[in-house]
Amino acid sequence: IGLELLHSANQTYASLDQKEPETLHQFRVSLQRLMVLFKFYGPRAKIPRAKSLVKQIRAISKSTNSNRDFDVHIKLLEERARPLKRSDNDMRIQGFNIFLEELKAQERVSLTDVTIPYKVRSFPKLSKKIAKSLATSKTARESIEELAHDILVYEMGQFQAAMAKVGSIEDVKKAHRARLIVKNIRYLSEPIIKKNQSYRATLKTLITLQKTMGKLHDLQLLE
């Protein structure tokens, strides 16, 4: 599983020079999946240097946050602009267009610089460390299902507790915390669901929940 995720991250990193927002998004998702793997399965599966690798992966992912934010805000504004018709206030339409063009201009500059930061440039070196760590890890006694069971039960409890603290749309940080837990649950579940298609409906539910909470978070940031 780790080597498959690493291969995906290497492929998307190699394509970052294309300066495409979707490529950057896929690179970030690959990093996040690797981070979840090492964070939750690392200690139980006895993967060497798992804690250190999580920190290094997180640092690279965080260095691309501003680039991803531009893409998210542009898409949200484009969605808001679609319902506007010519009968609407022309000043309102012009305002949307000016704001969109400014964001797109900043995004182009941001994407041009995406491979410049040292933390992103350091990924090939980190990739070799990850591969070595996976190659030297000991075989876990438990199956992936056994490893995941206790972790998923605990994370579901954490999600329920986090959601219970969200009282309104104003609870941005609390809702964000719940969203991150859902993301962890999804990435933890995917390797198991690939082996057992009977859980496919569960995965669809997790994806829908994650997207819904993600869209809420993006709107909160935009405001």
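Trainee: What pattern does the chain follow, read along the sequence?

Mentor: Helices (H or I, at least four residues) and strands (E, at least two) are DSSP runs, numbered from the N terminus. Along the sequence, this chain reads α-α-α-α-α-α-α-α-α-α, with ten helices and zero strands. The model is predicted: local features need pLDDT of at least 70, side-chain atom pairs count only at pLDDT 80 or more, and totals for chains, interfaces and linings use all residues. Residues are numbered from 1 along each chain as its sequence is written, and side-chain values use heavy atoms, with hydrogens and water left out.

Trainee: Is Thr12 buried or exposed?

Mentor: Buried means under 20% relative accessible area, exposed over 50%, and partly exposed in between (1.4 Å probe, protein chains only). Thr12, in helix H1 (residues 2–14), counts as buried because its relative accessibility is 13%. Of the chain's 223 residues, 41% count as buried.

Trainee: Which residues does Thr12 touch, leaving out residues up to four places away in sequence?

Mentor: A contact means heavy atoms within 4.5 Å. With that exclusion, Thr12 touches Thr23, Gln26, Phe27 and Ser30. In the chain, 74% of the contacts with a separation of 6 or more are between residues 24 or more positions apart.

Trainee: Where does helix H9 bend?

Mentor: The bend at a residue is the angle between axes fitted to the seven residues ending there and the seven starting there. H9 bends by about 35° at Ser189, and the proline Pro191 follows within four residues.
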